[in-house]
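Trainee: I am new to this structure and would like a close look at a single part. Please take the salt bridges, and then the helix that follows from there.

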Amino acid sequence: MNSTATEATDATEASGPTDAPAEKAAPDVPATSDTPDEPDEPDKPDEPDEPDEPDVSDGVDASRRRWPRVLGALLAVALIATGGALYVEGRQLRDTPATANLALTDAEATTRVTGDVSSALGKIFSYGPGATAATRAAAKEVLAGKALQQYAALFGQVERQSADQKLTLTTEVVRAGVTRLTGSSAHLLVFLDQVYERRGRAPTTASAQLTVTAELRGGRWWIVEIGST
């Protein structure tokens, strides 16, 4: 064996085994990425809280609860207004001339005035040659005011004609209608049939139509005005 190699081996064995120096640990290095880091975004300010939206259903419920009260009030006002209008209208109807006319509502009073006036006209427009005095007296019992004055002025002529011509007149009321009647006055439309008889001639029949105004005096009806139509 080569002496040089032997010496080297011995020297190595004499010094013993030597540990190989440990590798120095590398400091921890943060992992890096190939792309550069992006800058951090600045923090955004906190957004204000949005106001809570009103609960629509609560409003609808409240409106529904109010409607019955509103409708009730409107109905009450309408009823009061209608009642007032009906009251006024009723008063107007009661106060109209038509409803104040007893000829439309009081059959008994209408029948009475019709009978009194018809009887009176039959008496004052019926006479004969020797009965004019009785007719004049009857007129004073059924006529008053203007009607009595008019009759007295005309009956003088009738008396003379009746005596000269021997004239007899008979008057009959064929229809009488009360056009207006109150508690103390009446207006009538009267239709008459009159028969004229002269001695030696045939009787003559004629029709007449009169308007009569009567007044209630002392419990009975008096004719106060007579007119022709």
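Trainee: Is Arg 136 buried, partly exposed or exposed, and what is its relative accessible area?

Mentor: First, the basis: this is a predicted model, in which local features need pLDDT of at least 70 and side-chain atom pairs count only at pLDDT 80 or more, while totals for chains, interfaces and linings use all residues. Residues are numbered from 1 along each chain as its sequence is written, and side-chain values use heavy atoms, with hydrogens and water left out.

Arg 136 is partly exposed, with a relative accessible area of 30%. The classes are buried (under 20% relative accessible area), exposed (over 50%) and partly exposed in between, with a 1.4 Å probe and protein chains only. The side chain of Arg 136 forms a salt bridge with that of Glu 159, at 2.7 Å from N to O. That pair links distant parts of the chain, 23 residues apart: Arg 136 sits in helix H5 (residues 132–142) and Glu 159 in helix H6 (residues 145–165). Glu 159 is also partly exposed, at 22% relative accessibility.

A salt bridge here is a side-chain nitrogen of Lys or Arg within 4 Å of a carboxyl oxygen of Asp or Glu. By this rule there are three salt bridges. Another joins the side chains of Glu 225 and Lys 146, at 3.9 Å from N to O. Here too distant parts of the chain are linked, with Glu 225 in strand S4 (residues 220–228) and Lys 146 in helix H6, 79 residues apart. Glu 225 is partly exposed at 36%, and Lys 146 is partly exposed at 44%. Arg 217 and Glu 215 make a further salt bridge, at 2.8 Å from N to O. Arg 217 has a relative accessible area of 38% and Glu 215 one of 29%, and each is partly exposed.

Helices (H or I, at least four residues) and strands (E, at least two) are DSSP runs, numbered from the N terminus. H5, H6 and S4 are also among the elements that cover the buried residues of helix H4, as are strand S1 (167–181), strand S2 (185–198) and strand S3 (204–217). Those buried residues include Val 113, Val 117, Leu 121 and Ile 124. H4 (residues 107–124) has 18 residues and reaches 26 Å from its first C-alpha to its last, close to the 26 Å expected at 1.5 Å a residue. The expected span is 1.5 Å times one less than the number of residues.

Note on methods:
Contact means heavy atoms within 4.5 Å.
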